[in-house]
There are 2 protein chains.
Amino acid sequence: LISDAVVRKLEDIVGSENVSTSPTDLHVYSYDASIAHATPDVIVWPQTTEQVSQIMKLAYEEEIPVTPRGAGSCLSGGPLPLKGGISITMTKMTRILDLNPNRLQVSVEPGVVVDRLNEYLQPHGLFYPINPASSSIATIGGCVGEDAGPLRGVKYGTTKNWVLGLEVVLPNGKVIHVGSKTFKHVAGYDLVRLMVGSEGTLGIFTKINLRLAPIPEAVAVASAFFDSADAAGKGVRDAILSGVDPSGIELMERAVVEAASKHAGLKLPQAEFLILYEIAGSKESIEPRVRKLTKVLKEAGATAVDVAYEAEERARLWKARKAAFPALSRLRPTCIMEDVAVPIDNVGKLLEALRSLAKKHDVMVATFGHAGDGDLHPTITTDERDEEEMKRVAAFRADMYKAVVDLEGTITGEHGVGITKKPYLKLQFREDEIEVMRSIKRAIDPKNILNPGKII
Amino acid sequence: LISDAVVRKLEDIVGSENVSTSPTDLHVYSYDASIAHATPDVIVWPQTTEQVSQIMKLAYEEEIPVTPRGAGSCLSGGPLPLKGGISITMTKMTRILDLNPNRLQVSVEPGVVVDRLNEYLQPHGLFYPINPASSSIATIGGCVGEDAGPLRGVKYGTTKNWVLGLEVVLPNGKVIHVGSKTFKHVAGYDLVRLMVGSEGTLGIFTKINLRLAPIPEAVAVASAFFDSADAAGKGVRDAILSGVDPSGIELMERAVVEAASKHAGLKLPQAEFLILYEIAGSKESIEPRVRKLTKVLKEAGATAVDVAYEAEERARLWKARKAAFPALSRLRPTCIMEDVAVPIDNVGKLLEALRSLAKKHDVMVATFGHAGDGDLHPTITTDERDEEEMKRVAAFRADMYKAVVDLEGTITGEHGVGITKKPYLKLQFREDEIEVMRSIKRAIDPKNILNPGKII
């Protein structure tokens with residue numbers, strides 16, 4: 001697909017050390033954290049906006065597909081170049097450009113890793129609240145592309161609530177700046193929120209201006225244990241309705257707790273459903289809120305509630321939660337982490353549906369996730385080489401999406417449509433709605449060169 | 001522009017009692033709360049989605065401009081039909097359709113007035129946090145069209161943070177549903193946030209699904225007094241940085257306090273700058289947070305800080321704040337309420353710039369607004385009939401927008417571009433950026449019949 005002449009031109013733009021067509025590299029860059037794969041023809045690592053612009057101008061001229069990529073921790077195949085072409089990898093644009101604590105803003109390049117940003121911010125008493133479980137490797141650019149959700153979504157929402165402005169290279173190579181350095185603005189259409197979550201199909205982000213939050217004065221994490229899906233669902237819903245204002249509500253079912261505890265070398269109490277609640281804010285508010293939360297959870301059916309006030313003990317719980325995916329992914333050869341969301345009053349029903357569908361299709365499913373956002377990650381452990389089992393997995397997935405839509409939910413809460421969910425988008429939206437999305441794609445990328453074949 | 005045959009067809013669609021071409025009605029509907037005006041050829045009041053769809057199909061066929069309108073409290077000329085045609089007025093679609101307290105969601109028709117919704121929600125312990133100062137008349141549909149901001153923006157953001165889903169009638173009359181009933185979703189492009197704030201140029205909203213919040217357990221309002229713009233600016237910035245988590249920070253300068261107190265029949269202490277801080281949350285958290293806030297404000301230079309804990313006293317303060325615009329609008333024949341925003345560390349500089357520019361151009365300007373969002377409403381009282389004075393007003397406005405952009409701000413924080421700011425959009429965005437907005441408009445409204453001539 002790509003001529004030697006084009007490769008030479010790419011080398012002229014970024015330097016030959018930042019271009020690769022080696023079979024090993026192409027193989028590595030044909031994967032992300034999903035089970036999809038697609039191989040690029042060439043990988044480039046730009047280091048400046050100008051280089052990205054020149055790459056896009058070349059690609060536009062030659063009509064070569066370009067697919068942006070961050071750390072490759074995407075779970076929906078977003079960075080995989082379905083039509084081949086150029087994999088434009090942003091991991092060498094890693095500068096933190098401009099921290100302004102007095103306006104709670106920082107500007108970063110897309111390759112900055114989330115945890116690294118938070119380490120940088122910590123001495124200033126600030127943090128970037130959108131920490132996906134993969135925050136030790138995920139890049140901000142990737143998070144923006146997918147509208148990543150954090151472990152604290154109940155309070156802080158998703159990436160799009162925290163991106164104030166973007167420098168974007170358009171498919172034709174033009175560089176635009178969207179958004180504002182103010183906390184709110186309504187000057188023209190909201191191009192920021194159109195770009196956030198566009199999965200690399202509308203533009204390539206070269207600078208990202210983020211809003212920050214002051215680190216809360218005090219934090220506690222309550223662990224509550226539930227025997228049934230119904231009670232766990234109530235424990236999620238009632239905690240939110242109670243007004244105790246949790247920042248995050250994270251759930252793990254028994255199989256996840258077992259795997260994660262073992263993986264992380266931790267001892268965690270076992271229960272059918274373990275739910276972690278983060279309560280943060282002014283020092284004086286913590287204990288009364290935890291007390292009220294405990295009461296609410298016991299009324300919802302919690303068999304026990306433990307509270308961790310110390311940093312070390314809280315870190316232990318989050319370590320277990322963050323270990324969920326890596327731990328499960330080691331149980332069997334293939335691990336498919338799903339991502340579906342429902343309204344918060346349907347979390348219990350979703351947990352029940354997942355268990356009954358897993359049984360029906362004889363598939364191993366372990367569920368965890370951001371229950372307070374109604375967003376769960378049913379994670380299938382299986383073996384890609386077993387055709388018969390993969391058929392059952394496919395049937396389970398199709399039934400699950402239907403169940404989720406019946407529960408007024410979405411086929412993806414935060415991982416994106418990408419490759420893996422494209423066939424199911426029509427369960428959630430009708431043709432007229434998808435056609436509006438397509439018309440926007442055509443308007444911004446008329447030659448369909450940016451991440452072609454994705455979403456719509 | 002509109003033939004009798006078209007008027008007959010409109011009457012067939014909505015009933016003759018819901019169509020008007022009377023000169024008096026047309027005159028009334030040629031105004032909003034800005035000083036712009038533009039007269040429609042016919043007004044229709046639809047009552048169902050189906051009627052809106054049929055009206056749009058007719059308009060699409062005949063290429064007649066259609067401009068949606070709510071209560072007409074818009075401050076940028078949004079609902080004014082620049083090209084004539086049909087004024088589609090949503091004030092007869094006033095049903096609250098579906099309250100679901102267990103998932104913190106309510107579905108409403110666009111004509112529901114904000115205060116009415118909150119009265120309806122109050123017995124359920126819930127509220128819709130986005131209360132613009134005009135909440136006693138403003139409709140939810142208008143708020144969605146303009147992405148209205150509340151008196152509590154520091155904590156709750158703007159309308160777009162609270163709209164989960166929309167039923168939208170497209171320019172061609174097709175009815176689509178965008179968004180999700182979940183708190184988060186990334187299935188396809190974010191059409192909800194593209195529609196919110198699109199000022200009636202992309203679609204007409206016929207149903208709006210809103211997220212709600214539990215009413216906080218306790219609230220206090222601190223009033224702080226400052227002698228200088230610089231100190232007031234610090235009082236805004238430091239309150240936010242302190243982490244005491246105010247829900248709203250509202251500022252009024254002396255002339256505003258004087259006018260509003262008189263208008264509302266209230267006695268308020270006089271100061272160069274009065275800033276109100278709302279602190280809400282768990283009962284136990286209030287006093288310590290107020291104590292910390294008071295300390296921070298005194299360090300920032302507040303000459304005094306009073307705190308209102310009782311509902312009646314708090315209501316008195318908000319009544320004064322809400323009276324700001326009506327009070328100022330009675331001072332002189334013409335009142336132009338502006339709307340500009342800057343990063344929170346530039347609020348003091350913006351206050352200074354406004355005072356010095358008012359002096360330079362010899363214009364009466366009284367400033368109030370959502371200082372915690374960096375969003376201020378410099379309000380010009382003048383006389384439209386005085387040509388010479390209006391020239392000075394125009395010069396002041398042009399200088400103000402330049403100053404705001406120099407302070408890294410936006411020409412509109414929440415009122416929209418509409419008619420009144422369209423000439424200034426290019427101060428903030430370059431042609432390439434505006435062209436992306438235009439391409440989206442063309443994609444969704446190829447015949448340019450929805451609110452033509454606005455924004456871009």
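Guide: Contact here means heavy atoms within 4.5 Å. This is a predicted model, where local features need pLDDT of at least 70, side-chain atom pairs count only at pLDDT 80 or more, and totals for chains, interfaces and linings use all residues. Side-chain values use heavy atoms, without hydrogens and water.

Visitor: Which residues of helix 13 of chain B meet helix 14 of chain B?
Guide: Leu350(B), Ala353(B), Leu354(B), Leu357(B), Ala358(B), Lys360(B) and His361(B). Across from them in helix 14 of chain B sit Arg392(B), Ala395(B), Phe396(B), Asp399(B), Met400(B), Ala403(B) and Val404(B). Helices are DSSP runs (H or I, at least four residues), numbered from the N terminus.

Visitor: What classes are in that contact of helix 13 with helix 14 of chain B?
Guide: Ten nonpolar, one polar and three charged residues. Ala, Val, Leu, Ile, Met, Phe, Trp, Tyr, Cys and Pro count as nonpolar; Asp, Glu, Lys and Arg as charged; the others, Gly among them, as polar.

Visitor: OK, cavities. How many of 30 Å³ or more are in the whole structure?
Guide: The search finds four. A cavity is a set of points on a 1 Å grid, over the protein atoms alone, where a 1.4 Å probe fits but cannot get out; lining residues have an atom within 4 Å of a point. Points join across faces, edges and corners, and volume is the space filled by probe spheres set on them.

Visitor: How much space is in the largest cavity?
Guide: About 60 Å³.

Visitor: And what lines the largest cavity?
Guide: Residues from chains A and B, including His185(A), Tyr189(A), Asp147(B) and Lys160(B). The lining divides into four nonpolar, three polar and three charged.

Technical notes. Residues are numbered from 1 along each chain as its sequence is written. Chains are lettered from A and ligands numbered from 1 in the order in which they are written. On a 1 Å grid over the protein atoms alone, a cavity is a set of points where a 1.4 Å probe fits but cannot get out, and a pocket is an open set with protein on both sides within 12 Å along at least five of seven lines; lining residues have an atom within 4 Å of a point. Helices (H or I, at least four residues) and strands (E, at least two) are DSSP runs, numbered from the N terminus.
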